[in-house]
Amino acid sequence: MATVKISLSLASLSPSSSSSSSSTQSKLSPSFIPNAAPAKAAKLRFHGKCLRAKPMVHRGSRSGGITCSASSSPTSTLPSALLFDCDGVLVDTEKDGHRISFNDTFKERELDVTWDVDLYGELLKIGGGKERMTAYFNKVGWPEKAPKDEAERKEFIAGLHKQKTELFMVLIEKKLLPLRPGVAKLVDQALTNGVKVAVCSTSNEKAVSAIVSCLLGPERAENIKIFAGDVVPKKKPDPAIYNLAAETLGVDPSKCVVVEDSAIGLAAAKAAGMTCIVTKSGYTADEDFENADAVFDCIGDPPEERFDLAFCGSLLQKQFVS
């Protein structure tokens with residue numbers, strides 16, 4: 001049986017102050033967002049679950065979240081597959097990666113559009129970059145250079161997204177955005193133990209492949225299946241991408257563990273019947289993760305490790321107390 005050690009720092013209970021933008025764009029109501037996860041009051045806490053015993057006090061993490069370490073055991077149940085979201089889970093890409101690439105594309109196309117930090121955080125409630133731009137323009141009005149015909153507008157959006165992806169890939173190839181702590185460790189543990197690994201993302205397939213190949217390395221990338229972009233007709237919070245992953249990998253959804261960072265990703269994983277661990281990212285820190293099986297600030301590397309593959313497997317045994 002795995003051994004779990006958990007500690008909670010009081011610092012994690014203090015809400016961080018969010019900056020208010022003077023931009024009128026940032027005041028858009030979330031109600032304009034299609035397929036957005038229902039908004040709930042944010043619960044400013046991390047939570048975890050432990051094996052059949054009360055949590056043992058351990059040292060607090062520097063980040064002020066839960067410190068959870070589960071030691072490997074030969075008798076531990078392991079997942080059949082470990083499924084990662086990409087943006088915010090593998091790399092915290094959104095604010096200084098995708099957002100910048102969108103804005104550079106808008107500037108190069110002379111569209112007089114800028115997405116500030118707060119507005120982009122709101123737009124992230126929409127799964128998919130093309131869908132994000134379409135919803136935004138439908139709300140605030142289409143640029144003068146955009147076509148009037150609906151079919152032509154889809155081509156216009158696709159062109160913008162292609163250019164944005166190329167700019168984003170340059171950032172990745174230059175390794176300007178690092179992997180989040182613990183990602184490589186957890187991937188290696190899974191591959192070493194014969195657990196299938198996949199990345200399931202709403203982002204463009206080329207961008208996701210670049211992140212996996214450039215940041216995790218070609219040897220790991222050869223063993224990681226990627227499900228991304230328009231591979232399914234409906235994006236998160238719809239469970240389609242996780243359903244496709246389970247079917248393609250030939251695994252039972254109930255034996256899969258998903259690592260997500262957002263409410264829409266969590267909703268997609270749970271709707272697919274999978275166990276889901278949330279590792280909060282910059283834009284998702286205050287989202288409601290009540291339905292998650294465990295919530296942490298990151299995966300973490302020793303000596304600041306939050307959880308490992310044994311912990312992922314232990315969640316499947318459902319031998320826990322809150």
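Glu110 sits in the loop between helix 1 and helix 2, where helices (H or I, at least four residues) and strands (E, at least two) are DSSP runs numbered from the N terminus. The model is predicted: local features need pLDDT of at least 70, side-chain atom pairs count only at pLDDT 80 or more, and totals for chains, interfaces and linings use all residues. Residues are numbered from 1 along each chain as its sequence is written, and side-chain values use heavy atoms, with hydrogens and water left out.

Phi of Glu110 is near 55 degrees, a positive value in a residue other than glycine. Most residues other than glycine have a negative phi, and most peptide bonds are trans. Glu110 counts as exposed at 59% relative accessibility; the classes are buried under 20% relative accessible area, exposed over 50% and partly exposed in between (1.4 Å probe, protein chains only). Lys175 also has a positive phi, near 55 degrees. This lysine lies in the loop between helix 4 and helix 5 (183-192) and is exposed, at 54% relative accessibility.

Glu110 also takes part in a salt bridge with Lys145, with the closest N and O atoms 2.8 Å apart. A salt bridge here is a side-chain nitrogen of Lys or Arg within 4 Å of a carboxyl oxygen of Asp or Glu. Glu110 is in the loop between helix 1 and helix 2 (117-123) and Lys145 in the loop between helix 3 (129-140) and helix 4 (150-173), so the pair ties together parts that are 35 residues apart in sequence.

How many salt bridges does a search of the whole structure find? The search finds 11. One of them joins the side chains of Lys236 and Asp85, at 3.0 Å from N to O. This pair links distant parts of the chain, 151 residues apart: Lys236 is in the loop between strand 6 (224-228) and helix 8 (240-249), and Asp85 is in the loop between strand 4 (81-84) and helix 1 (94-108). Lys236 is buried, with a relative accessible area of 5%, and Asp85 is buried as well, at 7%. Another salt bridge pairs Lys95 with Asp96, the closest N and O atoms being 3.1 Å apart. Here Lys95 is partly exposed at 38% relative accessible area, and Asp96 is partly exposed at 42%.

Lys236 has a further backbone feature: a cis peptide bond joins Lys236 to Pro237, with omega about 15 degrees. Pro237 lies in the loop between strand 6 and helix 8. The peptide bond from Pro302 to Pro303 is cis too, with omega near 5 degrees, and Pro303 lies in the loop between strand 9 and helix 10.

Asp308 belongs to the loop between strand 9 (294-296) and helix 10 (309-317). The side chain of Asp308 does reach the backbone nitrogen of Ala310, at 3.2 Å.

Strand 5 (residues 196-201) runs parallel to strand 6 and is joined to it by 5 bridges; Ser201 has Ala228 of strand 6 as its bridge partner. Strand 7 (residues 256-260) and strand 8 pair in the parallel sense over 4 bridges, and the bridge partner of Glu260 in strand 8 is Val278.

Strand 8 is largely enclosed by the rest of the structure, because 5 of its 5 residues are buried. In a regular strand the side chains alternate between the two faces of the sheet. In strand 8, Thr275, Ile277 and Thr279 point one way and Cys276 and Val278 the other way. Cys276 is buried, with a relative accessible area of 0%, and Cys312 is likewise buried at 0%. A search of the whole structure finds 0 disulfides, a disulfide being a pair of cysteine sulfur atoms within 2.5 Å.

Conventions: Polar contact = N/O pair within 3.5 Å; in protein donor to acceptor, adjacent residues only side chain to side chain. Pairing = 2+ DSSP bridges.
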